[in-house]
Each structure stands twice: as C-alpha cells, then as structure tokens.
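Visitor: Could you walk me through this model, one question at a time?
Guide: Gladly, let us look at it together.

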Amino acid sequence: MRHLIHVQHLIVALAALPLVADAGPEIQMPSEPARPAFVKRRHATSRPRPKLAPAKEVATDDDDSPPGLAPAKDAADKPNRDGASRQQGASNHDGASDHDGASKALSAPGSFEHDGAEATDIEKVEPTAGDESNLDATSLTDSVATPSKKSKWIEPYGAIAGGMRLESLHQPDTAHTGTQNPTVAVSRLGLRGGVGSHITFASEFEASLGGPLGYGASVWEGQAAIAVRNQFVRYARDGFTFAAGRIDDPASFDYVSQHVADLLLTDQYTRDPLLYSGADRGNGLWGSYDIGRHVTAGLTFHSTNPTGITGTLIIGGKLQPFDRPFYLAAAQVGNNQNNLPDQNLHIYFGSPSLTLHYDHFEAKTEVQMYSLDTQEAIMTDQTIRGYNLRVGARGWTQTPIGRLTGFANVSRNKNEILDPTTSKYRLPDLFKSYTLSGGVDFDYTKHNGIGLQYALVDTIEPDHHTRQHYLNVGTTYWIEDSLAIGVRAAVFAQQISGEMMTTGSRSLFVTARLVLQ
C-alpha cells in the first residue's frame with residue numbers, strides 16, 4: 001500500500017511540470033559550445049601574423065652598387081617622403097658609410113594579415129646609388145620601410161670585415177719602427193626601425209680596426225675599442241626630413257671606389273682623405289627638403305666639443321704641442337677620471353648643401369662654416385673661424401663589356417690661426433688646405449669588378465708645407481650576395497717642405513667582407 005501511494009505522488013508531480021515551464025522565464029541556449037575561460041578570441045587589433053608574399057625583383061645586373069651599397073634607381077622610382085625619406089643613397093661603402101659605409105639593401109616586400117582585419121602591405125624600398133658616404137649600413141638618406149600608420153618595425157643590420165695586411169715601410173734612418181703584417185678586423189652592428197609612416201630611427205656600434213693601420217685594439221677579454229656610429233631619430237613628410245642625434249652629413253662625404261672599401265673605409269689609405277676633405281659625423285641636427293625630383297637642399301648643424309664631430313679634422317694650425325686643434329681636445333681622453341675630452345674647447349659648425357641626382361649622374365656641393373673657441377674659461381681670447389668649400393660628382397654608364405663609373409671630388413679649406421703658445425690671439429697668416437680625389441670602377445659581372453682611386457691632400461701654414469698622396473687599386477669578387485673577397489694594393493707617400501726624403505708605406509690587403517642586409 002505504501003509503495004502505491006509513492007507512485008501516485010510521482011504521477012502528480014510529473015503532470016505538473018508543463019505548468020511550471022509555462023510560468024518561468026524563457027532561457028536562451030547557446031548556439032555553439034561555450035569556450036573555456038582561458039581561451040580568448042583573436043580580434044582585429046591583436047598582433048599580426050606574417051603572411052608570405054611573392055618576392056619582388058629589387059636588383060638587376062645593372063644595379064649601381066654591390067650589396068651594402070645603394071643601387072642605382074630611376075629618379076621617378078624614388079618614394080615620396082610620406083613614409084620614407086628620399087634616397088640619394090649615401091651608403092658608407094661596400095658594407096659599411098664609413099663613411100662611405102655600408103648601406104644595406106632592404107628586404108623584398110611582404111604583407112601582414114590580421115584575423116578579421118584588412119591586410120596591410122609593408123614595402124621596403126632599396127636605397128639609391130649615392131655617396132659612399134656612409135659605410136655604416138644606415139645613413140640619413142637611406143630609404144626605409146613604408147608601413148601602415150600604426151605599425152612598428154625593427155631589424156638588425158651591419159657588416160663584418162677581416163683579413164691580413166702585408167706592409168712595407170719607407171722611412172728615414174732616424175725612425176726605428178719595424179715592419180708588421182697584422183691580421184685585421186672591423187665590424188659594425190646596429191638596429192634600425194620605424195614607427196608609423198614617417199618616423200624612423202637607427203642605433204649602430206663599431207668594433208674598430210685598431211688604429212688607421214690596424215695594429216690592434218683588442219685585449220684578451222674582448223674588443224677594447226668600441227665606438228658609437230649612428231644614433232638618430234628621423235621624421236620625414238611631404239619632402240621634408242629632419243633628424244637629431246649622432247648623425248652623418250651625406251653631402252660631406254666624397255665619392256669613392258666601391259672596390260677599395262674592403263675594410264669599410266677605416267684604414268689610413270681610404271679614411272684619411274675623407275676626413276681631410278670634410279667628412280662630417282657627430283652629435284647634431286640635420287634637415288633636408290626635396291626641390292622637385294632631382295634636387296635636394298640640406299642643412300647640418302653641430303654645437304659640441306671638437307671631438308664630438310669628425311668635421312673638426314679639417315681645421316689646421318698648431319696649438320702646442322699638437323698640429324691641429326682636434327688633437328688638443330682629444331689629448332685629455334684617458335687622462336682624467338671621467339675619460340672625457342677637454343671641456344674647455346667648443347665648436348659651432350654649420351653646413352648648407354645641395355645634391356643633384358639623375359639616372360646616370362649625381363653631384364653635391366656644400367660649404368662648411370665653423371667657429372672654434374679653444375679656451376671657454378677665458379672671455380678675452382679669440383676664436384678660430386673658417387670655411388671649407390666642397391664639390392663632388394659621379395657618373396656611370398653601361399658598356400657592352402660591363403658597367404663603368406667615374407667620380408671626382410674637390411675641397412678647399414681656409415681658417416684663422418692662433419698664437420701656438422698662448423692660444424689667445426689670431427695671427428695674420430691663414431691655414432690653407434685642399435684635397436683632390438678621383439677614380440674609376442669597372443664592374444664586369446654584376447658587382448664583381450676592379451677599382452682605382454687617387455687622393456691628394458695639400459696643407460700650407462706659416463713656414464710649413466705638407467703634401468700627402470693616397471693611391472688604392474682593388475678588386476672585389478662576391479661569392480654570395482652578402483659575402484665578398486677583396487684584394488687591394490695601397491700606397492701612402494708624404495712630402496714635407498725642407499725634407500729631402502719622401503716617407504710613407506705600401507700595403508697589400510687580402511680580406512673577406514660580410515654585409516648583413
């Protein structure tokens with residue numbers, strides 16, 4: 001009986017269920033299984049995933065320069081400043097801007113696709129042929145990626161060169177320096193990047209050659225001579241470009257042979273002529289404006305210690321016990337607890353310039369003006385004022401047997417001289433100097449070829465006249481797109497008034513060079 005009562009109660013409860021369902025609120029069931037709490041949907045704003053795109057052809061057999069140097073481009077192909085600065089190409093040399101350092105070719109275009117969002121193309125444009133003024137792989141005039149307005153990008157670049165130098169010295173009997181045949185090495189490594197369509201930046205360091213003859217700068221624990229080369233932020237828009245930081249002035253570097261840049265233009269035979277002609281790199285400001293398709297106006301300004309820029313090397317005149325004011329400031333480095341140069345010297349340095357660029361010809365001219373105070377602590381002393389006029393040109397053409405390039409550069413410097421003992425008052429005489437350089441390159445297959453370059457540096461000051469000759473003949477063979485073997489013969493000769501003997505040295509370089517693009 002008890003079991004029968006329980007069955008009746010169960011039947012009554014089941015019959016009441018439809019009435020309860022009608023009285024309660026309607027519950028919407030999910031149309032798809034619920035995701036676990038730790039799984040998040042990817043939105044259009046999440047980090048883009050790379051999507052491979054077919055590579056575009058960026059170089060041909062007629063390219064203007066080898067890997068590491070800016071290839072020639074048609075003026076009509078240059079990107080506008082909305083996103084990338086115009087390329088006049090100032091590559092610091094086969095691989096490096098040294099100065100004529102190494103500007104690297106940028107990678108082929110690719111695209112980035114967002115889930116649920118539009119794909120954004122990011123195109124990287126190769127720099128045009130130009131001043132070998134920056135063997136640092138990135139120069140202010142190198143072209144940069146043109147990303148979407150909100151995107152960011154960053155990539156490494158650099159160059160590594162090493163080998164052996166065989167030397168023969170020609171010196172007076174009073175000198176007791178023996179011949180050395182050092183193994184040499186120089187490397188540069190940096191990061192460059194951009195934010196949006198108009199902002200780019202670069203930061204680059206160098207492990208140096210160890211002096212102009214490469215006798216060494218290393219210790220057992222590692223490289224002892226590390227230098228900052230480029231360190232700048234740049235903004236480009238509508239033909240205007242502005243940069244601040246540690247910069248190079250593209251118009252201040254001579255055109256050089258790309259086949260003598262096996263050590264990134266850091267040795268005595270290739271570096272010194274550049275410095276004496278006014279190659280300028282250091283802490284400062286730089287701006288340019290594109291005047292039409294073929295002309296660019298530029299302006300560089302520095303206000304710093306004389307050791308803060310390389311342009312100070314053109315200023316001559318003895319300041320005891322040194323031959324040039326630059327060395328007076330540099331002499332304090334390592335002699336005080338902060339390892340800083342002499343803070344009692346200061347220079348103002350300004351350089352307006354014009355650059356022309358056409359399909360098979362380019363030229364640049366500049367006037368460098370400066371005022372150097374050698375004793376900031378004294379208000380009654382006089383400054384050293386002067387100027388340096390520069391002009392350079394390069395042309396290239398394709399022949400049935402290869403590509404032929406010719407170049408020439410001229411600079412003329414004049415500056416006042418202070419009394420060498422007190423450094424307070426100007427003398428009536430002037431320091432005068434000029435540099436002449438020129439050469440040819442012949443590329444018989446792509447970037448493989450031979451090059452010849454000669455430079456003359458002539459300086460005149462009271463009771464002293466010096467003439468220096470620099471001759472380089474080199475050949476380059478690119479085993480891979482980024483790896484080259486180089487052989488170069490170089491001669492340096494110096495003639496000093498009042499001395500009967502010409503002194504100097506001869507060297508043979510055998511090197512390998514890798515350009516990280």
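This is a predicted model: local features need pLDDT of at least 70, side-chain atom pairs count only at pLDDT 80 or more; totals for chains, interfaces and linings use all residues.

Guide: Residues are numbered from 1 along each chain as its sequence is written, and side-chain values use heavy atoms, with hydrogens and water left out.

Visitor: How many helices and strands does the chain have?
Guide: Elements here are DSSP runs numbered from the N terminus, with helices (H or I) of at least four residues and strands (E) of at least two. On that basis the secondary structure comes to three helices and 22 strands.

Visitor: What percentage of the 517 residues count as buried?
Guide: Buried means under 20% relative accessible area, exposed means over 50%, and partly exposed is in between (1.4 Å probe, protein chains only). The chain exposes about 25000 Å², of which carbon and sulfur atoms supply 61%; this area is from the Shrake-Rupley method with a 1.4 Å probe, and for residues only the protein chains shown count as cover. The buried share of the 517 residues is 48%.

Visitor: Which residues touch the most other members of the largest nonpolar core?
Guide: A nonpolar core is a set of buried Ala, Val, Leu, Ile, Met, Phe, Trp, Tyr and Cys residues joined through side-chain atoms within 4.5 Å. The largest one has 18 residues, and the elements giving two or more residues to this core are E5, E6 (183-195), H2 (268-277), E19 (448-461) and E21 (483-496). Apart from it lies another core, of 13 residues, including Ile-314 and Phe-349. In the largest core, the residues touching the most other members are Val-186, Leu-263, Tyr-269 and Tyr-470.

Visitor: How many of the ten residues of H2 are buried?
Guide: Asp-267 caps the N-terminal end of H2, with a side-chain oxygen 3.1 Å from the backbone nitrogen of Tyr-269, and the helix is followed by Gly-278, whose phi is positive, near 115°. Among the buried residues of H2 are Tyr-269, Leu-274 and Tyr-276. H2 is largely enclosed by the rest of the structure, because the number of its ten residues that are buried is nine.

Visitor: Which residues are linked with Glu-204 in a network of salt bridges?
Guide: A salt bridge is a side-chain nitrogen of Lys or Arg within 4 Å of a carboxyl oxygen of Asp or Glu, and the structure holds 16 of them. Glu-206 in E7 and Arg-188 in E6, 18 residues apart, meet at 2.6 Å, N to O, and both are buried. Arg-229 and Glu-204 meet at 3.7 Å; Arg-229 lies in E10 (residues 226-237) and Glu-204 in E7, so the pair ties together parts that are 25 residues apart in sequence. The network partners of Glu-204 are Arg-188, Glu-206 and Arg-229.

Visitor: With which side chain does that of Glu-204 make a polar contact?
Guide: Glu-204 is buried, with a relative accessible area of 0%. A polar contact is a pair of N or O atoms within 3.5 Å; within protein, one must be able to donate a hydrogen and the other to accept it, and residues adjacent in sequence count only if both atoms are side-chain atoms. At 3.3 Å, the partner is Tyr-157.

Visitor: Is Arg-385 buried or partly exposed?
Guide: Arg-385 forms a salt bridge with Glu-416, the closest N and O atoms being 2.8 Å apart. Arg-385 lies in E16 (residues 384-399) and Glu-416 in E17 (residues 402-418), so the pair ties together parts that are 31 residues apart in sequence. Glu-416 is buried, with a relative accessible area of 15%. Arg-385, at 41%, is partly exposed.

Visitor: Which residues does Ser-168 touch, not counting those up to four places away in sequence?
Guide: Ser-168 is in strand E5 (residues 152-170) and is partly exposed, with a relative accessible area of 29%. With contact meaning heavy atoms within 4.5 Å, the residues touched by Ser-168 are Ser-505 and Arg-506.
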